Amino acid sequence: MSQQEEFQSAVSAFNSSEEGISIAELLHIFHKRFKWFVIGLILVVFAAIAYLQVATPQYESQVSVLVDPIQQSSSFESMLNMSASSTKIATEVELITSRTNIDYALSTLDLSKYHNEDGQDYRDEAVLGKVKDRIVVSTVKDTNIVRITVTDASPEFARDFSNALASSYDNMLTGIAKNSKTVQREFIESQIPINDRMLSLASDALGDFRENSDIIQLTDKSSLLVEQISYYALRLEPLRLQLAESQVFIDSYSASLKQAGVEGVLSLDQLRSDAVIAAKLNDLRAWKTELTMYESLSNPAGNTATTAPTTSLNSSSRVYVISSAISEVTKELLNRINALTRSYANESNTQALVQVLTTEVAIEVLEERGDVFVAELSKLPILERRLSELQRDVMIYEALGLKLREMLEEVKLIEASVTGNVQVVDQAILPLRPVSPNKLLILAVSLLLGAAFGLLLTLGIEAIDASIQNEHQLQKIVGKEAPVLGWIPMMKISSKDKYPTLTVYNDPLSFESERFKLVANMLYNQEGKRVFSITSCSMAEGKSTIIGNIALALAQLGSRVLIIDGDLRLPSMERYFRLKHREVGLVDFVTKNLPFEECIVQPFEKVPSLHLLPPGNAPLVPAAIFSNPRYVKGIEFLKTTYDFIIIDAPPLDSASELLSISKHVDGLIVTVRAGITSKGSLFDLVTNLKTANAPLIGFVFNGVIPGSFSSYGYGYGYGRGYSSYANRYGGGKTGAQKSKHHSRKRSTGWYRKRYKQDLKTRGKVVTEQFEALLAFGPHADFRTIQEFKQASSDDRDFLTFQRRQEQDTKPVETPKPVETPKPVETPKPVETPKPLDDFDELDLLATLEDDPQAIGKKRGE
């Protein structure tokens, strides 16, 4: 599992109910990882500078124009009806960036005059690029003023192209407006000759009929039917002309939009298929049918066919209601069509669409009513019916001819009044300074973005660092039930010291020694607890250093201390005390029933109260050693002999016997290495210990770099007062140098590098190893452990013992290899003490360990 995976798994478990990070922690993280903030800032600023070096300067030129809607600015109708003014120019603005307008504007320019930074002219499409992307069109709010902005690397092209766009745009809008009126005029002119020819034919037919028949005049009924039919025919013809004119305008306008590149134009069939429009047209048809019935009933006989019928019913309430309903339906149709065509249609186009739809309904209703009177006329005698039809045709064509000529004159006036739709307000001028890149703005933004990126980088580096860096993080993981017994500063390893990391022995008055003594006092004050086990999350986290220093500090307090090396796979306590490995130890006591007198050694000759029980031969099943009844009884016996027993337990991630060891101790202590121990591994260790109900009493925070940030970072600022204290008692120079060295600010990367260097240095330190000196025998103060036990309860030799202890606190100079006395061989005791009665029982594990085949497996043979 990677550190990041460990961190994520740990955070999800123990951070769910914790408060967020404090401001003080944020400031400390920023201070500790300031270099990453600087790196992020420099990267962004350098990227901005690099962009400024390679970016091509862009120049911007702008032309302002006043745009009038097509349906008003160039029509005679707008002069007659000023109240119909509108500022809806969305379609006109859209036409500025149409492909037709851009191509026409480019065709008016000499592109060979413009060059890029490489000297290539703009006639090459690859050099010119996509011009439309460099055009920005904006409108001034609540006005018809439009600003056309062109951005380009050539200032001359930006200016000339802006003016060319305005000129070509004016021509386009003028052409669209004029073209629609021209089409209407041509259509009316083509209809007049046709109507004249039809009128001539109808007159000739009426004259021939009167000459060849005896009927000169129609009856009253025939006249009434002819008048009704003529009335509907006269109403139908203008409607048909109006319908044709509107359709011509719509077709012309749609063609102009498509030519300009506008897409999504809806046809009349698509509008008719709309559900809302279809429903409104049905309502309109019903209202117009009812209104037409009232009009046919109110047309008296004798009225001329060219005159609209008048009656008192026009002022009746029903006709008024019908007219109001028709107006309301027409308004709703206009709103609906305007909503569907808002993206491209102007007001005149929308009104034309409404007019076509409503006119079609009116024509349909009038044709239905006219067919009723035609059917009635068909029941009259043939001659009378023929005469009425001929008179009706003459009347219709005469009235229609007058209407067509009236409409022609009106369209001619409108066509003649067409003028330009675009008026230039401000011409585009030659830009002198580039608008991009804006160096000051980019540099300012890069500083802000760089600061933000640097801060994010700092927090990101902190987030992916799964190691425990301060006491706050440690307490956050382990909770408040298990306290931090103390913190140990990071020590500099020197090959000149006899015991490189045994600072209590090397410099008893140094600050580092006092930190170990503080932890020793914490254990000393644990009432009723005498057996402790010290472990760690993983290897090389300072467990042996803490055990050795704490044990020596307790011995200096006058206590009898026994260290048991319980790491049977990778024992380290013998090597820590520079002792040669002995083949007799804890395993032999448990499996071979050897007495303690042959297993326990004395690491320091002048510290008789500190003993060590080495592991001995490597067992086949390490976990079985600590579950053996002989081991359990041995621990109970040693508790009555020694004041403190400290067991070096292996890490849980490397060995499973930690849980077996924890069952027979009074307290379990976990060593945490600052900057090295991962949060996930510590959380897993604490969880497993709590699950196994291990007597966890606290933690020791090791490898801390003293500083000025209290419990944050690796710093625990102790100032300079302690160095002066150490100077007064002879060990202060080294301590002061270390204090000055550690007070400097160090990063996590530096810390880990230093940690690895220390491990490497520790592995290369060549030190002479001494023969282990048995703690009991003729050469020692006590021949047997029973005598040692008895002496521990007898204070007759207390003053002598205390005097010896005080003498042993003085640092011992490292003997030169040549002058090192030869180790004294332990003589065989004349009378080997009998094993204790408590350990005389049969042990199956001893049988297994004595198996010759098992011995071969243990030694890897």
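Start by selecting Pro437, which sits in the loop between strand S4 (422–426) and H16. This is a predicted model, so treat each stop as a feature of the prediction.

Next, colour helix H16 (residues 439–464) and helix H3 (residues 34–54). How do their axes cross? They come within 7 Å of each other, at roughly 150°. Anything over 145 degrees counts as roughly antiparallel, which means H3 is roughly antiparallel to H16. As for handedness, the crossing of H3 over H16 is right-handed. If you show the side chains in the contact of H3 with H16, you'll be looking at 19 nonpolar residues, five polar ones and one charged one.

Pick Ile42, Phe46, Ile49 and Leu443: together they make a nonpolar patch on the surface, with about 340 Å² of accessible area between them. Which element gives the most to the patch? That's H3, with three residues.

Time for some charges. Side chains of opposite charge can pair when their charged atoms come close. Across the whole structure, a search turns up 16 salt bridges. For one of them, select Asp152 and Arg134, whose closest N and O atoms are 2.9 Å apart. Asp152 is in strand S3 (residues 145–152), while Arg134 is in the loop between helix H8 (125–128) and strand S2 (135–139), so this pair ties together parts 18 residues apart in sequence.

Last stop: jump to Arg578, in the loop between helix H21 (573–576) and helix H22 (586–591). Check the backbone here, as Arg578 has a positive phi of about 60° even though it isn't a glycine.

Key. Residues are numbered from 1 along each chain as its sequence is written. This is a predicted model: local features need pLDDT of at least 70, side-chain atom pairs count only at pLDDT 80 or more; totals for chains, interfaces and linings use all residues. Side-chain values use heavy atoms; hydrogens and water are left out. Axes are lines fitted to C-alpha atoms, for helices over the stretch in contact, and angles run from 0 to 180 degrees between N-to-C directions. Helices (H or I, at least four residues) and strands (E, at least two) are DSSP runs, numbered from the N terminus. Angles under 35 degrees count as roughly parallel, over 145 as roughly antiparallel, 65 to 115 as roughly perpendicular and the rest as oblique. A crossing is left-handed if the near helix is turned anticlockwise from the far one by less than a right angle, and right-handed if clockwise. Ala, Val, Leu, Ile, Met, Phe, Trp, Tyr, Cys and Pro count as nonpolar, Asp, Glu, Lys and Arg as charged, and the others, Gly among them, as polar. Patches are made of residues with over 30% relative accessible area and no salt bridge: like charges are joined within 9 Å, nonpolar side chains (Val, Leu, Ile, Met, Phe, Trp, Tyr) within 5 Å. Accessible areas come from the Shrake-Rupley method with a 1.4 Å probe; for residues, only the protein chains shown count as cover. A salt bridge is a side-chain nitrogen of Lys or Arg within 4 Å of a carboxyl oxygen of Asp or Glu.
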